Amino acid sequence: MKGFKRLPSGGRIDRAKAISFTLDGKAKQGFAGDTLASALLAGGGGVVGRSFKYHRPRGVMTAGPEEPNALFTLGSGATQEPNIPGTQAELLEGLAARTQNGWPSVGFDVMAINQRFAKLLTAGFYYKTFMGPRKRSWMLYEPFIRKAAGLGEASADPDPARYDTRRAFTEVLVVGSGPAGLAAALAAARAGARVILAEQDSDLGGSLLSEPVGSAGDAWRATAIAELAALPQVTLMTRTTVQGLYDGNTLGLLERRDHLSPDPAKGQARQVFTTLTAQRIVFATGAIERPLVFADNDRPGVMLASSALAYLQRYAVAPSGPALVVTNNDSAYRTAHAFKAAGLQVVVADTRATVDAALTAGLEVETAARLVGVSGAHGVTAARLARADGSFLRALPSTLVAVSGGWSPAVHLTSHTGIKPRWDAATACFLPGGFAATHAACGAVMGQFALGQAIAAGFTAGRDAAAALGHAGNSGALAAPDIQSFGAAGEPLWRMPNPRHRKAFLDFQNDVSDKDVAQAFDEGYRSVEHLKRYTTLGMGTDQGKTSNINALAIMAGLRDVTIPEAGTTTFRPPYTPTAIGALAGRAVGKHFRPIRRSPLHQWQEANGGVFIEAGPWLRCWYYTWAGDSAASAYIKEMELVRRNVGVSDVSYLGKIDVQGPDAPEFLNRVYVNGFAKLPVGKARYGVMLNDDAVALDDGTTTRLSENRFFMTTTTAQAGEVMSWLEFLLETAWPELRVQVTSITDAWGGMAVSGPNARKALELTFPGRDLSSAALPYMGVLEFAVEGVPIRLIRLSFSGELAYEVYTPADYTQDLWEHLLAAAAPLGIKPYGLEALASLRIEKGHVAGLDLDHRNTLDDIGLGKMAGKEKDYIGRAMRFRPKLQAPERWSLVGLELLDAGQKLRGGSILFPQGAELKGHGHGWITSVTWSIELNKYIALALYDGGLKHAGEEIVCAYPLLNETVRAKVVSPHFIDQEGKRLHV
Amino acid sequence: MFERRSALAGALHAGPGGPLTIGEVRGWTLWQVTAQPGAEAAMMSSLVAQVGALPDKVGLATQGNGRTLMLVGPAQYLLSGGPVTVSDAEGAVVELTHARTRLYVEGPDAAEVLSRGAPLDFHDSAFPLGAFAQTGIHHTPVLIYRVGAARYEIDALRTFALTLWHWLEDACLPFGFGVK
C-alpha cells in the first residue's frame with residue numbers, strides 16, 4: 001500500500017498547472033506549487049533515498065531545508081547538482097531528479113548488506129579500520145570508501161548557468177517571514193524605515209502557510225503581505241536564505257531563481273548572492289521541530305508533526321491510512337486537529353500524563369504513552385505504544401507516524417559572530433545567548449511559540465528597530481488572527497524505551513544512532529566538539545539541524561550533567577549549503593579578473609602583436625613580423641635594435657608626478673643616490689630601498705622644472721612605489737611640501753632604440769635639433785606638436801642609443817603610427833617585451849626578476865651608487881653584518897659553456913664538484929640568448945658574487961633533471977664603457 | 001596628425017536593446033588640485049576666487065565659473081571644465097584628462113547595475129543627485145557621479161576602461177540595454 005496520497009481538493013498548489021518531471025528517468029507528475037518532496041509523497045511516498053552508511057531505506061521526514069533524508073541529485077551533465085533537499089526543490093517543468101546512495105536502485109540496494117555488518121560500522125570505524133598496515137594506507141582505501149558511501153557527485157564540467165553577486169543596504173533587515181517576521185517588518189516599515197524581509201521559502205508566511213487556504217490565519221497573512229508589498233520602502237525577498245552574519249552587520253543572502261527558468265544567454269542568473277549591510281537586524285528565524293529517538297525511527301512514513309501538517313495544508317498530501325501523532329508537547333495537537341478536520345483518521349500518543357483538555361477535545365489521545373517501535377521496512381504500516389515502564393499499551397495500524405520532540409529555535413545566525421546560545425529550562429531550548437546592540441529577535445527563535453506572543457514580540461522588535469534609526473512614524477497596532485494557538489509547552493523527553501535494542505537514529509543523514517553517542521562516551525569523546533567529530537554527528541549537508549539537541553541530551557545524560565553543561569557546538573556560516581558558483585558570481589571566464597591594456601593595445605592587436613599576461617596587463621610579447629613564436633621572434637627584434645632602430649611600447653611603466661617646493665629633498669631621501677642637485681632638464685637613474693634595506697624598485701626620474709619631477713617605476717612595482725611614497729609623505733615627513741600623483745594612465749610611452757634612433761626621431765619631428773648638444777644623454781626635451789605635448793627623454797634600457805617618448809594617452813597611438821611611418825625609410829619596426837627584457841640582460845640592467853624583494857643594493861651590484869654624505873631610506877639597515885657578509889649572494893653574469901645546451905631561469909647554482917643537494921649557492925634570475933656573444937647568457941645571484949669571476953659552476957634544473965656548465969662573468973656583457981649611449 | 005582616441009574606440013557595439021542606456025562621455029577635461037601642507041587656506045581662497053564656493057564635504061561637488069569641483073580628500077579636489085592657476089607654493093595641479101575614461105549608465109535599473117559591482121548604497125537618502133564617490137568595480141578604482149535621477153557617470157582608469165566596459169555590458173545584460 002502506498003503511504004501517502006493527494007487529496008482531491010485543498011492546498012496551495014495550482015491544480016490547473018500540471019508539472020512533468022522525472023525521478024531516476026521515470027516520468028512523474030505534480031502541480032505548480034509542489035516541491036519535489038510533496039510531489040513524490042503525492043505519488044505515494046515510500047523510499048526516496050538510502051542512508052549514508054547502512055543504506056537503510058529512507059523517506060521524506062521534513063518539509064524544509066533541514067531535511068536529512070530526501071536528498072537528490074538534480075539535473076545532469078554540466079548542470080548536475082548533488083545533495084539537494086527535495087523539500088526545498090520547487091517542482092519545475094522537466095526537472096530531472098535522481099535518488100542518491102542506492103545501487104542499482106534505492107528500492108533494492110546492494111550495499112544494504114552493510115546493515116548486516118552494522119556492528120562493525122560504528123563510530124570511529126574508518127579511523128580504526130583503515131589506518132594500517134602502513135602509514136599511507138588511508139590514501140589507498142579512501143576512494144573506495146567514498147564510492148561505497150555514495151554521496152551525490154558534482155559535475156566536473158563548467159556550469160553553464162549564470163550566477164550574480166550584488167551589494168545591498170537597508171535600515172532594517174527582518175530574517176524570516178513567519179507571523180513574528182511579518183509583524184516586525186510591518187511595524188518597522190509603517191514607522192518609515194527601509195526594510196528588507198528575507199524568506200528562504202518560496203512563499204511568505206512561515207507557519208501560517210500551514211493554515212488552510214482562506215482561513216482566518218491565511219487571511220491575516222495575505223493582508224500583511226499585501227500591505228508590505230504596497231510600501232515602497234519595503235523589499236520582499238523570497239527564496240532567499242540569509243546564509244551568514246559577519247562583522248559590521250554584513251550578511252550573506254542567497255537567492256534561488258530556478259523557478260524563473262533563467263536563461264544565461266539573456267544574462268539571467270540562476271542564483272544571486274547579496275552582500276547586505278543592515279543597520280538593524282530582527283531575527284525571526286523560527287524554530288525547527290525535533291524528532292523523537294525510538295526504535296527504527298528512520299522508517300519512511302515517520303515524519304515531523306509540523307511537516308505532516310505542512311504537507312496536508314500546503315500541498316494537499318495526506319497519509320493514505322491512519323495517522324499516529326506522537327508528541328511530548330502541545331504543538332503537535334495543531335497537526336492532529338487539522339487531520340481530524342480534514343476527515344483523516346488520527347490518534348495522538350502523548351508522553352505526558354496529563355494534557356490540557358482544550359487541546360485534546362475531540363481527539364483520541366493516549367497519555368503517558370511511549371512509542372517503542374514501528375513495522376514496515378519500506379514504509380510504516382503499524383506502530384507499537386508502551387507505558388513508561390515498558391509494558392505494552394497498544395498497537396496501531398499507521399501509515400504515518402508524525403512525531404514532535406519539541407522545537408529547536410533557529411539560533412544559528414544569532415550565533416555566527418560568536419555569541420553562544422543559552423539553554424532555557426522553561427522551554428527546554430537553546431535560545432539566542434545575547435545580542436549586539438543593533439540586533440533583536442522575536443517569535444519561535446526566542447521560545448515565543450504561541451501565535452499572539454510571536455506577533456506581539458515581532459511588532460515591538462520592528463517598531464523599536466525603526467525608532468532607534470530615528471523613524472518616528474506611527475506603527476499603529478496589529479492584532480493577531482483569531483485562531484487557536486497551540487504553543488509548544490511540553491516535557492523534555494526525547495528518547496523512547498528500546499527494549500529490543502533496535503537502531504534509533506539521531507543524525508539521519510550521517511547515520512549516527514544513540515548507540516554511537518554511547519560508544520563515543522565510553523571511548524572518552526565526551527565533549528560535544530569531540531562527539532561531533534568522532535561520530536560525524538551534525539556534519540552532513542544539513543549540519544545537524546534535526547539532530548543536535550537529541551544527541552546533546554543523551555550525552556548530557558550519560559555524563560550526568562545538564563544540557564547547558566554539556567554545551568553546544570559552534571554555529572558557522574553558511575546556514576544551508578551554498579554553491580561556490582554563487583559566491584564567484586560573474587567573476588568567471590573573461591570576467592574572472594580585470595585586464596589592463598596599454599593605449600597601444602588596439603594597434604598591436606591589429607598589427608601582429610602577440611600578448612602575454614604580466615600582472616593585470618596584457619603586454620605585447622613579440623610581433624609576428626619577426627617570427628611566429630616568441631623564441632624565434634625576439635632574436636630578430638633584438639637584432640633590429642642592436643643593428644638599426646626599433647620602437648617598443650613602454651606605456652606599462654609606472655609614472656608618478658612629483659610636485660612641490662620640497663620635491664628635490666623628498667626624492668633625495670627616497671632614492672639611495674642624490675637627487676637634490678639634479679639640474680632642470682636632466683634625468684637620473686635611481687634605486688629605492690625599503691626601510692629594511694631591501695631593494696624596492698629602480699627607475700628614472702626627470703626634473704621637468706624647479707618644483708616638478710617625472711618619475712618612472714618598473715611595471716610590476718608601480719602600485720607599491722606609489723603607496724610607499726604616499727605613506728612616507730603622510731607618516732614620516734608630513735611637513736614636506738610635496739604631492740605625488742599616479743599618471744601611469746595619463747601618458748603613453750614608447751622607447752625608440754638602436755644606432756639609428758636619433759635619425760628616426762629627426763624624421764618624426766622634422767626641424768627639431770636632437771643633436772647631443774641639444775639633447776645629451778640623460779637629457780629631456782619638452783615640446784608640443786600641433787598643440788600635443790611631447791616629453792622626449794634620452795635614456796636607455798637596451799644599452800643602445802635610445803629615447804623614451806611620452807605623450808598623453810589619447811594621442812599615443814597617433815604618435816606611434818606617425819613615428820613608424822616617418823622612420824619607415826630606415827626600416828624601423830616595433831619590438832615586444834621579450835626582446836626588451838633580453839636586450840637589458842645583455843646590458844646587465846636589473847629588472848623585476850632580479851629585484852625580488854630579497855636583494856639589497858649591494859646584492860645587485862649597485863652599492864657604489866649610494867650617497868655617502870646623505871641619508872636615505874634603508875641606509876640604517878644596509879650595513880647590517882649579515883647583509884655585508886662577503887659570502888652573501890650578489891649579481892653575476894653567466895655564460896653557458898656547452899654549446900647545444902640551454903640555460904634556464906630558476907636553475908640552482910653549485911660550485912664545480914659540489915654535491916647537487918639543497919638550495920645550492922645561488923640561482924639564475926634572467927636568461928637570454930645573446931645575439932652579440934652567440935650563446936646563452938644569464939643574470940644570477942651567486943654566493944660571493946664576482947669574487948668567483950672566471951670560475952666554472954654547475955647550473956642544475958631538477959624539474960627536468962638537467963645540469964649544464966657555465967662560467968661566472970661580469971653581468972655587463974656588452975659595451976661596458978657605455979660608448980653606445982653617448983653617440 | 002593627432003586626434004584623441006578613446007580607450008573604447010571600436011568597442012561600443014549596439015546592445016540588445018532595453019530600458020538601460022550605456023555609453024561613453026567624451027569631450028571633458030580633468031585636473032587634480034591638491035594643497036601643499038600648510039598652504040591649504042591660501043590655495044582654497046585662490047580657488048574660491050577662480051571658481052566660487054567650494055564643497056565642504058568629501059563626496060560633494062560644487063559648480064561655478066563653468067567648472068565642477070569635487071572634494072576627494074583633505075584639501076584635494078578634482079576639477080573639470082577648465083584649469084585653474086595655483087602657485088607652486090600653494091599646491092600641485094596635475095592634468096588627468098587622459099588618465100580617465102568616462103562611462104555612463106542611465107535607466108530605471110542603473111543603480112542596481114552599479115550595485116552589482118560597487119559596495120555603495122545608491123538609495124536616494126544615501127546617494128542623492130549630485131553625490132559622487134570614489135570606490136571600486138571589478139577590482140579597479142572608479143569614481144561614480146550621480147548626474148541625473150537615473151543617470152550615473154563612471155570615471156574609470158583609462159588602462160582598465162575596456163575591461164570595465166565589458167563588465168558593464170555584462171552587468172546590464174539581464175535588464176536589457178542599448179549603447180549610445
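Predicted model: local features only at pLDDT ≥ 70, side-chain atom pairs only at ≥ 80, totals over all residues.
Biologist: Which residues of α6(A) and α7(A) meet?

Modeller: A305(A), S306(A), A308(A), L309(A), L312(A) and Q313(A) of α6(A) meet A332(A), R334(A), T335(A), A338(A) and F339(A) of α7(A), a contact being two C-beta atoms, placed from the backbone, within 7 Å. By class there are seven nonpolar, three polar and one charged residues; Ala, Leu and Phe count as nonpolar and Arg as charged.

Biologist: At what angle do α4(A) and α5(A) pack?

Modeller: Helices α4 (residues 179–190) and α5 (residues 216–230) of chain A pack at about 35°, with their axes 10 Å apart, and this crossing is left-handed too. L182(A), A185(A), L186(A) and A189(A) of α4(A) make the contact with A224(A), E227(A) and L228(A) of α5(A), and the residues divide into six nonpolar, no polar and one charged.

Biologist: How do you know that β22(A) pairs with β21(A) and with β23(A)?

Modeller: Strands pair if DSSP finds at least two bridges between them. Strand β22 (residues 382–386) of chain A has five bridges to β21 (residues 370–375), antiparallel, and five to β23 (residues 392–397), also antiparallel, so both meet the criterion. R370(A) stands opposite A386(A), and L385(A) opposite R394(A). The hairpin of β21(A) and β22(A) has six residues between the strands, where G376(A) has a positive phi of about 100°, while that of β22(A) and β23(A) has five, where G390(A) has a positive phi near 95°.

Biologist: Which residues form the covered face of β22(A)?

Modeller: The covered face holds A383(A) and L385(A), and the uncovered one A382(A), R384(A) and A386(A). In a regular strand, side chains alternate between the two faces of the sheet.

Biologist: Why are β40 and β43 of chain A said to stand at the edges?

Modeller: They belong to an open, mixed sheet of six strands, ordered β40-β41-β42-β39-β33-β43. Each has a single partner strand, so one side of each is left without a neighbour in the sheet.

Biologist: Which element gives the most to the side of chain A that touches chain B?

Modeller: Of the 41 residues of chain A in contact with 40 of chain B, helix α21(A) gives the most, with six. The side of chain A has 13 nonpolar, 12 polar and 16 charged residues.

Biologist: How does the radius of gyration of chain B compare with that of a compact globule?

Modeller: The rule, 2.2 Å times the number of residues to the power 0.38, is set against a radius over C-alpha atoms; for 180 residues a compact globule would have a value near 16 Å, and chain B has 17 Å, which agrees. Buried residues, those with 20 or more other C-beta atoms within 10 Å of their own, make up 44% of chain B.

Technical notes
Residues numbered from 1 in each chain as written. Chains lettered and ligands numbered in written order. Axes fitted to C-alpha atoms, helices over the stretch in contact; angles between N-to-C directions. Helix = DSSP H or I, 4+ residues; strand = E, 2+ residues; numbered from the N terminus. Left-handed = near helix turned anticlockwise from the far one by under 90°. Buried ≥ 20, exposed ≤ 12 C-beta atoms within 10 Å, placed from the backbone.
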